[in-house]
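Hi everyone, thanks for making time for this.

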Amino acid sequence: MFSRWTTPILWALHEYGRQRFVELERRLTSITPKVLTQRLRQLERDGLVTRTYHAEVPPRVDYEITELGASLGPLFAHLTTWADAHLGEVERAQRAYDAER
């Protein structure tokens with residue numbers, strides 16, 4: 001269910017609301033289109049994201065976090081608080097690790 005990209009995708013949908021594929025791709029700059037497609041399909045299967053197809057010319061698809069997905073909001077807030085408090089330590093650990101290699 002959860003992969004490296006699950007949290008960033010859900011966070012983007014939670015924070016910014018309904019978005020098109022291209023908008024998500026722009027927000028998550030280092031994800032490939034293939035991986036984004038795979039993750040969105042899995043999140044839809046898990047009931048955390050809804051996909052709405054609009055039969056227009058050109059066709060449009062929107063993604064939105066579900067109520068179940070939004071219930072992770074407090075967890076996202078806690079992770080953000082933790083990251084704000086500890087990001088410097090993580091970066092120092094990364095630099096120390098890289099220097100040893």
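In what order do the strands of the open sheet come, and is the pairing parallel or antiparallel? Please keep in mind as you look that this is a predicted model. The order is S1-S3-S2, three strands in an open sheet, and the pairing is antiparallel. As a reminder, strands of a sheet pair through backbone hydrogen bonds, either parallel or antiparallel.

Let's look at the edges. Strand S1, residues 19-20, and strand S2, residues 49-54, each have a single partner strand, so one side of each is left without a neighbour in the sheet. Helix H1, residues 6-16, packs on this sheet and touches S1, S2 and S3. If you compare directions, H1 makes about 90° with S3.

Let's take Gln19 to begin with. Its place is in strand S1. Is Gln19 buried or exposed? Its relative accessibility is 2%, and the cut-off for buried is under 20%, so Gln19 counts as buried. What does the side chain of Gln19 reach at 2.9 Å? That would be the backbone oxygen of Ala12. The side chain of Gln19 also reaches the backbone oxygen of Gly17, at 3.3 Å. Leaving aside neighbours within four places in sequence, the contacts of Gln19 are Ala12, Leu13, Leu24, Arg27, Val61, Asp62 and Tyr63.

Over to the residue opposite. Tyr63 sits in strand S3, and with 9% relative accessibility it counts as buried too. With neighbours within four places in sequence again left out, Tyr63 is in contact with a list of residues that includes Leu13, Gly17, Arg18, Gln19, Phe21 and Leu24. Further along the chain, Tyr63 also touches Leu40, Val49, Thr50 and Arg51, among others.

Ser3 is in the segment before H1. Ser3 and Arg39 are 36 residues apart in sequence, yet 8.1 Å apart in space, C-alpha to C-alpha. At 30% relative accessibility, Ser3 counts as partly exposed.

Let's zoom out to the whole chain. How many helices and strands does the protein chain have? There are 5 helices and 3 strands, and from the N terminus on they run α-β-α-α-β-β-α-α. The radius of gyration is 16 Å, well over the 13 Å that the globule rule gives for 101 residues, so the chain is more spread out than a compact globule. The C-alpha atoms fill a box of roughly 55 × 30 × 20 Å along the principal axes.

A few totals to finish. Buried residues make up 25% of the 101 residues. Among contacts with a separation of 6 or more, 48% come from residues 24 or more positions apart. The accessible surface comes to about 7100 Å², and carbon and sulfur atoms account for 53% of that surface.

Note on methods: Residues are numbered from 1 along each chain as its sequence is written. This is a predicted model: local features need pLDDT of at least 70, side-chain atom pairs count only at pLDDT 80 or more; totals for chains, interfaces and linings use all residues. Side-chain values use heavy atoms; hydrogens and water are left out. Two strands pair if DSSP finds at least two bridges between them. Helices (H or I, at least four residues) and strands (E, at least two) are DSSP runs, numbered from the N terminus. Contact means heavy atoms within 4.5 Å. Axes are lines fitted to C-alpha atoms, for helices over the stretch in contact, and angles run from 0 to 180 degrees between N-to-C directions. The radius of gyration is taken over C-alpha atoms; the globule rule is 2.2 Å times the number of residues to the power 0.38. Buried means under 20% relative accessible area, exposed over 50%, partly exposed in between (1.4 Å probe, protein chains only). Accessible areas come from the Shrake-Rupley method with a 1.4 Å probe; for residues, only the protein chains shown count as cover. A polar contact is a pair of N or O atoms within 3.5 Å; within protein, one must be able to donate a hydrogen and the other to accept it, and residues adjacent in sequence count only if both atoms are side-chain atoms.
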